[in-house]
Amino acid sequence: MEKRVPQGKLGRRRFAGGAMATAGASLLATPSLALPDKSYAVCESIAPLALPEGVAYTPGISVDRRSRKPVFLPAPGAGYAAHAVSEVLFWTDQMMEHAFFIALLMPGDHLRGPRDEARQYQNLFARHFLAARDRGYGDYGISSLLASMRPSVQRFIEYKRRMQRAQESGSLRSLVWPLFFDHIAREAERFVARLDRLAYGNTALESDEIGAFWTTIMAEHLEFIAHLLDPQERALIDQATARAGQLYQAHEFRVESGQLATMADEVIDFKTAAEQGIETGQIKSIIEPTLADHVLREAVRFSDEVRRAQ
């Protein structure tokens with residue numbers, strides 16, 4: 001379905017580069033990762049970001065296409081394998097883009113080491129995504145997929161936390177906020193927790209956990225958007241900030257699932273309008289369109305999990 005462009009001011013500019021200070025030697029002495037074959041190699045391109053196009057071969061997985069890239073979700077009544085594979089597909093796609101954003105925000109020769117490591121993680125999670133998408137899994141064949149995933153996610157968490165500490169201490173001078181490193185590390189930690197539950201055959205979602213996790217994530221997304229908009233976009237900045245405050249309140253007071261579902265839908269509407277405005281040049285910002293689509297897909301996942309936990 002073709003997306004409608006919303007009325008009013010909703011633009012697009014690339015993230016700005018800048019002079020980078022020399023990163024500490026400890027940042028450059030990073031452990032090596034095995035690169036995938038050349039068909040998935042990443043240099044300056046963002047080719048792997050197109051990987052989710054198509055369908056998954058595991059029965060019981062549906063596709064939500066409200067975002068530019070599809071979101072793979074378990075269909076109503078789906079079995080264990082579909083729940084597990086859809087979780088892996090969603091988060092390996094997000095991990096792949098986390099690595100892309102980190103590399104994008106580490107320009108300059110002085111940041112080559114940590115930037116190259118991020119690119120290697122981008123390739124690694126692209127391969128994990130393809131392994132989950134391009135074969136059909138049954139309920140008794142999923143354990144190897146889950147087992148192969150966990151060490152990669154854990155290593156990526158350690159990288160994110162290491163970069164966060166370096167940025168906070170001043171030994172890393174990148175364009176990545178410490179909160180962004182913390183934000184994407186928490187998402188990966190939640191993915192590990194979900195992998196551990198799925199390994200025991202547990203696909204259940206808990207309403208309290210969903211509310212506590214996603215309200216904070218959604219609020220931080222809106223704060224990121226507010227800080228990446230052009231200062232002249234005062235109305236949109238105010239709107240994003242106000243919505244973030246509402247989500248923090250929902251986190252603090254643990255609102256019931258019906259209200260969470262409504263809030264998820266409102267965030268989807270806001271992010272959809274923002275993505276379309278960025279893509280069509282109607283919003284002045286330094287927001288990479290891929291980032292706008294990334295946070296929209298997480299809102300779609302939030303909405304899906306709230307409804308499945310009811």
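The numbered points below describe a predicted model of one protein chain, from its overall make-up to individual residues.

1. Basis of the values. Residues are numbered from 1 along each chain as its sequence is written, and side-chain values use heavy atoms, with hydrogens and water left out. Because this is a predicted model, local features need pLDDT of at least 70 and side-chain atom pairs count only at pLDDT 80 or more, whereas totals for chains, interfaces and linings use all residues.

2. Overall make-up. The protein chain has 9 helices and 2 strands, where helices (H or I, at least four residues) and strands (E, at least two) are DSSP runs numbered from the N terminus. Along the sequence these elements follow the pattern α-β-β-α-α-α-α-α-α-α-α. Of the 310 residues in the protein chain, 53% are buried; buried means under 20% relative accessible area, exposed means over 50%, and partly exposed lies in between, with a 1.4 Å probe and protein chains only.

3. The strands. Strand β1 (residues 61–64) pairs with strand β2 (residues 71–74) in the antiparallel sense over 4 bridges, and two strands are said to pair if DSSP finds at least two bridges between them. The two strands form a hairpin with 6 residues between them, and within this pairing Val-63 stands opposite Phe-72 in β2.

4. Aromatic pairs. A search of the whole structure finds 13 aromatic pairs, which are rings of Phe, Tyr and Trp (its six-membered ring) with centres within 6.5 Å, counted as stacked if their planes are under 30 degrees apart, edge-to-face if over 60 and tilted for the rest. One of these is the pair of Tyr-121 and Phe-156, which is stacked because the ring centres lie 4.6 Å apart and the planes meet at 25°. This pair links distant parts of the chain, since Tyr-121 belongs to helix α3 (residues 112–133) and Phe-156 to helix α4 (residues 143–169), 35 residues apart. Tyr-121 counts as buried at 2% relative accessibility, and Phe-156 counts as buried at 0%.

5. A second stacked pair. The rings of Trp-214 and Phe-302 are also stacked, because their centres are 6.0 Å apart and their planes are at 20°. Here too distant parts of the chain are linked, with Trp-214 in helix α6 (residues 207–228) and Phe-302 in helix α9 (residues 289–309), 88 residues apart. Both residues are buried, and both belong to a cluster in which ring pairs link Phe-90, Trp-91, Phe-191, Phe-213, Trp-214 and Phe-302.

6. Charges over rings. The charged end of Arg-301 sits over the ring of Phe-90, 5.3 Å from its centre, where a charge sits over a ring if NZ of Lys or CZ of Arg is within 6 Å of the ring centre and within 35 degrees of the ring normal. In another such arrangement, Arg-135 lies over the face of Tyr-137, at 4.2 Å from the ring centre.

7. Helix α8. The 24 residues of helix α8 (residues 257–280) should span 34 Å at 1.5 Å a residue, which agrees with the 34 Å between its end C-alpha atoms; the expected span is 1.5 Å times one less than the number of residues. At the start of α8, a side-chain oxygen of Glu-256 comes to within 2.7 Å of the backbone nitrogen of Gly-258. After α8 comes Gly-281, whose phi is positive, near 80°.

8. Helix α9. With 21 residues, α9 reaches 31 Å from its first C-alpha to its last, close to the 30 Å expected at 1.5 Å a residue. Helix α9 is largely enclosed by the rest of the structure, because 19 of its 21 residues are buried.

9. Asp-293 in α9. Asp-293 lies in helix α9 and is buried, with a relative accessible area of 1%. A polar atom of its side chain lies 2.6 Å from the backbone nitrogen of Arg-68, and the side chain of Asp-293 also reaches the backbone nitrogen of Lys-69 at 3.2 Å.

10. Ser-303, in helix α9, is buried, with a relative accessible area of 4%. Leaving aside neighbours within four places in sequence, Ser-303 is in contact (heavy atoms within 4.5 Å) with Ala-264, Asp-265 and Ile-268. Thr-262 has its place in helix α8 and is partly exposed, with a relative accessible area of 42%. Thr-262 and Ser-303 are 41 residues apart in sequence and 8.5 Å apart in space, C-alpha to C-alpha.

Note on methods:
Polar contact = N/O pair within 3.5 Å; in protein donor to acceptor, adjacent residues only side chain to side chain.
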